[in-house]
Amino acid sequence: MTVPRTLIWTSAPTAELQLALHRAQAGPAALVPVTSGTVLLPRRGIAFSAATRLAEQCRQVGDAAVVLRWNHAAELWTDGERAGRRGPARRLAPLTTWWRLKPVERPHELPRDACEVKDLVDEGRADTWVGALPRGTAHPINTVLPVVPVTQGGAPLA
C-alpha cells in the first residue's frame with residue numbers, strides 16, 4: 001500500500017451521522033456500520049487536516065471520533081485532544097502537524113470491529129468506491145462491507 005489511507009471511527013450511529021454529514025455537505029465518504037458505532041472511510045486523497053475537520057463533525061453527533069492515517073511504514077492518530085504516531089509519520093501529515101506528534105509505544109486503541117475494517121482496507125476488500133457488485137471475482141459476496149455513501153460536497157466516491 002503506497003497511498004496513505006485514512007479511517008475515522010466514531011461512536012455515532014450510522015443513520016444519525018449520515019444525516020449530519022449530508023446537512024453539513026461533507027463528503028464524499030463511505031460509512032460502515034459496526035457494533036461500536038460507525039467507521040467512516042473518506043476519499044483516498046483526503047489530507048490529514050481535512051480528515052480531522054471531518055472527525056470534528058463526527059464528534060458533534062457522537063461522543064468520540066478517532067482519526068487514523070496509515071501506510072505500510074507509519075501510523076498516526078488523533079482523538080481531537082491527544083495525538084501520536086508510530087513510524088516515520090512525516091509523509092502522512094503536513095509539516096505543521098507531524099512535528100508536534102509524539103512517538104507512542106502503542107497507538108490509540110480502536111474498537112475491535114473498527115480494526116477489522118482497517119484490515120479489510122489493507123487487503124483491498126473495503127474501499128470508498130463501489131461501482132457495482134463484483135462479477136466473477138474470487139471474493140464471495142459476504143466479504144463486501146455494508147457501505148452507506150455520503151456524496152455531498154464532492155464528486156462521486158473515488
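Analyst: **From a loop residue to the core**

Gln25 is exposed, with a relative accessible area of 58%; exposed means over 50%, buried under 20% and partly exposed in between, using a 1.4 Å probe and protein chains only. The model is predicted: local features need pLDDT of at least 70, side-chain atom pairs count only at pLDDT 80 or more, and totals for chains, interfaces and linings use all residues. Numbering runs from 1 along each chain as its sequence is written, and side-chain values use heavy atoms, without hydrogens or water.

Gln25 sits in the loop between helix 1 (14-23) and strand 2 (29-34). Helices (H or I, at least four residues) and strands (E, at least two) are DSSP runs numbered from the N terminus. Although Gln25 is not a glycine, its phi is positive, about 50 degrees. Most residues other than glycine have a negative phi.

Leu17, in contrast, belongs to the largest nonpolar core, which has 23 residues. Such a core is a set of buried Ala, Val, Leu, Ile, Met, Phe, Trp, Tyr and Cys residues joined through side-chain atoms within 4.5 Å. Leu17 is one of the members touching the most others, along with Ile8, Leu21, Leu40, Leu54 and Leu76. Helix 1, strand 2, helix 2 and strand 4 each supply at least two residues of this core, and helix 2 gives the most, six. Beyond four places in sequence, Leu17 touches Thr10, Ala12, Leu31, Thr38, Leu40, Cys58 and Val61, contact meaning heavy atoms within 4.5 Å. A second, separate core of 15 residues includes Trp9, Ala30, Val39 and Val66.

Helix 2 (residues 48-61) has 14 residues and spans 20 Å from first to last C-alpha, close to the 20 Å expected, which is 1.5 Å times one less than the number of residues. Its buried residues are Phe48, Ala50, Ala51, Leu54, Ala55, Cys58 and Arg59. Among the elements covering them are strand 1 (5-10), helix 1, strand 3 (37-42) and helix 3 (95-98).

The mean pLDDT (the predictor's confidence in each residue, from 0 to 100) is 78, and 76% of residues reach 70 or more. Residues 128-134 stay under 50, with 13 contacts beyond four places in sequence; residues 153-158 also stay under 50, with 16 such contacts. Where pLDDT is low, the predicted coordinates should not be read in detail.
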